[in-house]
Amino acid sequence: MGTNMRHGRAWAAAGLGAVSLVAGATWISAGQAQTRPDTAAPAPASRPAIAAFVARPRGAVDWQAAVGGLRQSANVGESLAANLNREQVDKTAVPILLPRDPKLTAGARIYSFGDYYTITADTLGGGVSLSGTTTTVPSGKPLKVESGPEMLTVQRTVDGQLASFVRFGVLYTVEIRCDSAGDPRCVDDNYVLGLVGKTTAVVMGKAARQAAGLGG
């Protein structure tokens with residue numbers, strides 16, 4: 001995958017039984033969101049859209065459960081988020097979920113729009129995207145439903161696998177993209193489901209802490 005494709009894209013798409021988010025490409029200026037301010041991001045490349053529209057209405061965050069998840073994460077979440085742009089973290093008004101994988105989060109970049117965020121990270125031969133939002137819409141039945149997290153759905157994308165699930169009343173997605181069509185991480189859903197299983201560390205910036213009653 002070229003630099004433009006790895007560093008200039010962020011999207012989320014998911015199908016859920018009663019609730020789902022389907023979003024097209026979402027962009028923010030690199031000067032606002034890049035982890036390293038001296039690294040300029042190229043113009044975003046176009047991607048075949050699964051769907052693109054503004055989804056409504058917004059759901060309610062279960063802040064009591066989210067605070068419980070934050071406490072269970074102890075200091076792990078903040079350690080994993082150390083390389084994320086703090087301004088972007090602080091403006092995110094939903095709990096951020098991160099995989100418990102320091103190698104994956106070390107070079108991650110966050111793009112926040114308040115009640116929606118997306119995190120991108122490069123991997124050898126591909127990339128990973130994670131997102132969370134309270135914005136949902138009714139949809140048809142999911143392509144595949146797995147046991148595990150609430151309303152977990154997995155679907156094949158153009159270049160990988162995407163899983164979505166609900167936690168704390170927030171819709172989260174985890175996506176793996178591969179350069180090679182034969183990459184075993186994208187051939188089936190084993191890798192993305194394993195990544196979902198590791199995506200349990202809770203991080204809250206100022207906006208989320210205020211909404212949860214924890215102060216800034």
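Buried means under 20% relative accessible area, exposed over 50%, and partly exposed in between, using a 1.4 Å probe and protein chains only. Welcome to this structure, a predicted model in which local features need pLDDT of at least 70, side-chain atom pairs count only at pLDDT 80 or more, and totals for chains, interfaces and linings use all residues. Residues are numbered from 1 along each chain as its sequence is written, and side-chain values use heavy atoms, with hydrogens and water left out. This briefing looks at charged pairs and then at a link between cysteines.

**Salt bridges in general**

- Side chains of opposite charge can pair when their charged atoms come close.
- A salt bridge here is a side-chain nitrogen of Lys or Arg within 4 Å of a carboxyl oxygen of Asp or Glu, and the structure holds 5 of them.

**K198 and D101**

- K198 pairs with D101 in a salt bridge, with 3.6 Å between the closest N and O atoms.
- K198 sits in helix 8 (residues 190-198) and D101 in the loop between strand 3 (96-99) and helix 6 (102-105), so this pair ties together parts that are 97 residues apart in sequence.
- Helices (H or I, at least four residues) and strands (E, at least two) are DSSP runs, numbered from the N terminus.
- With a relative accessible area of 35%, K198 is partly exposed.

**R109 and D122**

- A salt bridge also joins the side chains of R109 and D122, at 3.5 Å from N to O.
- Because R109 belongs to strand 4 (residues 109-112) and D122 to strand 5 (residues 116-123), the pair ties together parts that are 13 residues apart in sequence.
- R109 is buried, at 5% relative accessible area, while D122 counts as partly exposed at 28%.

**The network around R86**

- Salt bridges that share partners bring E78, R86 and D90 into one network.
- Within it, the side chains of R86 and E78 meet at 3.0 Å, N to O.
- R86 is partly exposed at 35% relative accessibility, and E78 is partly exposed too, at 31%.

**The disulfide**

- A disulfide is a pair of cysteine sulfur atoms within 2.5 Å, and a search of the whole structure finds 1.
- C178 and C186 form this link, with their sulfur atoms 2.0 Å apart.
- The link of C178 and C186 is right-handed, with 80 degrees about the S-S bond.
- C178 is buried at 6% relative accessible area, and C186 also counts as buried, at 1%.
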